[in-house]
Amino acid sequence: MVCGIAAVTMPKPSFSLRAEQSSALDLSADATSGLASHSRRDFVFVVNPKGANGRTGKEWKKLLPYLRTRLGGHCNICESITSGPSHAMDITREAIREGADAVIAVGGDGTLHEVVNGFFWAGNLVPSLDRRPEHSTALGLIPLGTGSDFARTFGWKNDPYEAVERIVRGFKSKLDVGIITGQSGEQHFFINVADIHLSAKAGYYASKFKRFGNLCYVFGALRAFIGHTNWDLKVKVNGGEWEVFHKVTALCIGNAKFFGGGMKITPTADPSSGNLEVVILQDFKWYDFVLKLHKLYKGTHLSERNVSSRSHHQHCHYHTSSLRSSLPLPPLLQ
């Protein structure tokens, strides 16, 4: 099943965006079974040493002996260190082709995003070359980034030892993946929040303020307001009618709840529901952002007059697609 969102600028479209969400398939593994009841597995840990302004690399070195103690008896542990942008995608694809049982992102949301995209190639899941057809690679996460916003939806902390214990338990759950299709047909995949306009620029500028921790996203947003112009957008949700939203500051499509270092931007999103939540901020000035910041963190901003949202479970249009209806999305270790 697929839920679709499309948006174009008014009156002269300069881009188009379509975000969709596929349904997750049932897990083949029994959720009550831990690692000890299975044969030895291959786990690949994709580590971004530069995450959280270098903290990820330092914490990983401390964690590795503990990880080997807790998992080494049941798993072959492969440590893969990223060397730059997109490297995590390449590592993930190679690991899946070689039949890894799990690829575990170690870092923040950026590393996780790359690992998720590494599960796919040309719009299809990357196949394992040397395992049985029903074999699937699970996605795992040790949140060690600046924001680690995806982990917040599950109530996980930036505690690597707690994350290792989740992996040791070996529980898996369904996980939805959103698809963004650009004008030229290229596809990108996301499991947290996709956004355009000011919030996307804020994410870019936030990288310049990493030394301030989670506050880097607030500073990034304030910097993004400089020279910012709101757009009129035409938005179509779930194949419905086009709606015009005036002076749009940001459009956010949530598979999970948080972005920007803990802002609960799409508060009703659920990454295993098969639905996406759309939140549109209109005519925000920098001082509106400051005055309503506490509501963004609490997730109570949907009641504001210049905030619109769409709940897919009320009027979601489902249709079959030869590609998207058959995507066996990666289960999440938790």
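Reader: Where is E94 found, and what makes it partly exposed?
Author: E94 sits in helix α2, residues 87-97; helices here are DSSP runs (H or I, at least four residues), strands are runs of E with at least two, and both are numbered from the N terminus. This is a predicted model, where local features need pLDDT of at least 70, side-chain atom pairs count only at pLDDT 80 or more, and totals for chains, interfaces and linings use all residues. Residues are numbered from 1 along each chain as its sequence is written, and side-chain values use heavy atoms, leaving out hydrogens and water. Buried means under 20% relative accessible area, exposed over 50%, and partly exposed in between (1.4 Å probe, protein chains only). E94 has 46%, so it is partly exposed.

Reader: How do you know whether N238 is buried or exposed?
Author: Its relative accessible area is 4%, so N238 is buried. N238 lies in the loop between β13 (231-237) and β14 (243-254).

Reader: Why is the pair of F45 and W60 called tilted?
Author: Rings of Phe, Tyr and Trp (its six-membered ring) pair if their centres lie within 6.5 Å; planes under 30 degrees apart count as stacked, over 60 as edge-to-face and the rest as tilted. The structure holds eleven aromatic pairs. For F45 and W60 the centres are 5.8 Å apart and the planes meet at 35 degrees, so this pair is tilted. The pair links distant parts of the chain, with F45 in strand β3 and W60 in helix α1.

Reader: What makes F45 count as buried?
Author: Its relative accessibility is 0%, so F45 is buried. W60 is buried too, at 2%.
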